Amino acid sequence: MTSSDWKEKSRNYVKRLSKSLMGKTEFELPNISIKKPEVLIRDLSRIPKENWWKYAFSREPMNGRFSDAQRMDFYLSALECGKQQADKIFEIYGDIKPEELAQKLNLKVEYPQMPQAKSRILFAEFAEPNTVRVYKDGLEKGALINKSETMPKWLPEGTEIKDILIAHELYHVLEQRDKSIWSESYRISLWKIGPVENKSPIAVLSEIAAMAFAERMNHLNFSAYLLDAFLVYGYSAKAASALYDEMIAAAKESQSFEQESLQAVSV
């Protein structure tokens, strides 16, 4: 089995698992080495934020249209967009907690136990017109893992997982209220015939910027994409380990490409 075959089977496993919130059914996977949660946190938190672009774009429907150079450029632009929006919030409200910011934005934060539809793993969402929902089931599973004596203290003092999830959803609210925000307004030309042009948003830019916003709001020194694997761990250690392997591989490929690009520029 080739490396690409293995990655595809791993991704399909995670996608199929996500169809069941409870994660009770195990699917066939290539041999996956189960990682302990402390290893997952230790290694993924060491990946520089700039080196998550390949993993992030693997979730983009139009990913195949872009070169690695374009993906990296889009990713870094979206990171900056999210950081700038967080800095604007700090200028207005000071160093405010995400749940307090939700109140300032006239939003309710609710904590249902689980989503009504159990068709996918879901940790938080924005429900129009004014509600952010954070699901307790995922939070409780994450808290249980964090209680282990072997787990490192990976969150800043006073920061909880719910704060990261809330901040992520608040970014999407800001985008909805201000269509001029770059991650919301940017469009790429798919084709043009004479005066007729078909432009499309790049969906993942919003997610990348929301991650950067959540990182800045919560003073994280690691990428919030880490939560993709950590929170899945509570439902399936195998699926979380498959995600870990994918993230590590993507980070290595991202770093290699970045180094090659820098060398090309310096020549």
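Of the contacts in this chain with a separation of 6 or more, 68% are between residues 24 or more positions apart. The model you are looking at is a predicted one, and it holds 11 helices and 5 strands. Of the 267 residues in the chain, 48% are buried. The accessible surface comes to about 13900 Å², and carbon and sulfur atoms account for 49% of that area.

Let us begin with helix 9, which runs over residues 203-217. Its 15 residues reach 22 Å from the first C-alpha to the last, close to the 21 Å expected at 1.5 Å a residue. Is helix 9 enclosed or open? Since 12 of its 15 residues are buried, helix 9 is largely enclosed by the rest of the structure. Among the buried residues are Val204, Leu205, Ile208, Met211, Phe213 and Met217, and the list also includes Ser206 and Glu215. What do these buried residues pack against? Their partners are helix 3 (53-57), helix 4 (68-93), helix 5 (98-104), helix 7 (161-177), helix 8 (182-185) and helix 10.

Helix 7, one of those partners, is mostly covered too, with 14 of its 17 residues buried. The end C-alpha atoms of helix 7 are 25 Å apart, which agrees with the 24 Å that 17 residues should span at 1.5 Å a residue.

**Helix 10 and its neighbors**

Helix 10 (residues 226-233) also packs with helix 6 (residues 136-146) and with helix 2 (residues 37-44). Two packed helices are described by the angle between their axes and the distance between the axes. Here are both pairs:

| Helix pair | Angle between axes | Distance between axes |
|---|---|---|
| Helix 6 and helix 10 | about 90° | 8 Å |
| Helix 2 and helix 10 | about 175° | 10 Å |

With an angle of about 90°, helix 6 and helix 10 are therefore roughly perpendicular to each other. Helix 6 brings Gly138, Gly142, Ile145 and Asn146 to this contact, while helix 10 brings Phe230, Leu231 and Tyr233. Sorted by class, the contact has 4 nonpolar, 3 polar and no charged residues.

The axes of helix 2 and helix 10 meet at about 175°, and that makes helix 2 roughly antiparallel to helix 10. On the helix 2 side, the contact is made by Pro37, Leu40, Ile41 and Leu44; on the helix 10 side, by Leu226, Ala229, Phe230 and Tyr233. By class, this contact has 8 nonpolar, no polar and no charged residues. Phe230 and Tyr233 of helix 10 are in the contact with helix 6 and also in the contact with helix 2.

**Backbone details in the loops**

A few loop residues deserve a look while you have the structure open. Which peptide bond is cis? The bond from Glu128 to Pro129 is cis, with omega near 10°. Pro129 has its place in the loop between strand 2 (124-127) and strand 3 (131-134).

Asn106 is not a glycine, yet it has a positive phi of about 60°. You will find Asn106 in the loop between helix 5 and strand 1 (108-110). With a relative accessible area of 61%, Asn106 is exposed.

His219, also not a glycine, has a positive phi of about 55°. This residue comes just after helix 9, in the loop between helix 9 and helix 10. At 48% relative accessibility, His219 counts as partly exposed.

Definitions and conventions. Residues are numbered from 1 along each chain as its sequence is written. This is a predicted model: local features need pLDDT of at least 70, side-chain atom pairs count only at pLDDT 80 or more; totals for chains, interfaces and linings use all residues. Side-chain values use heavy atoms; hydrogens and water are left out. Axes are lines fitted to C-alpha atoms, for helices over the stretch in contact, and angles run from 0 to 180 degrees between N-to-C directions. Helices (H or I, at least four residues) and strands (E, at least two) are DSSP runs, numbered from the N terminus. Angles under 35 degrees count as roughly parallel, over 145 as roughly antiparallel, 65 to 115 as roughly perpendicular and the rest as oblique. Contact means heavy atoms within 4.5 Å. Ala, Val, Leu, Ile, Met, Phe, Trp, Tyr, Cys and Pro count as nonpolar, Asp, Glu, Lys and Arg as charged, and the others, Gly among them, as polar. Buried means under 20% relative accessible area, exposed over 50%, partly exposed in between (1.4 Å probe, protein chains only). Accessible areas come from the Shrake-Rupley method with a 1.4 Å probe; for residues, only the protein chains shown count as cover. The expected span of a helix is 1.5 Å times one less than its number of residues.
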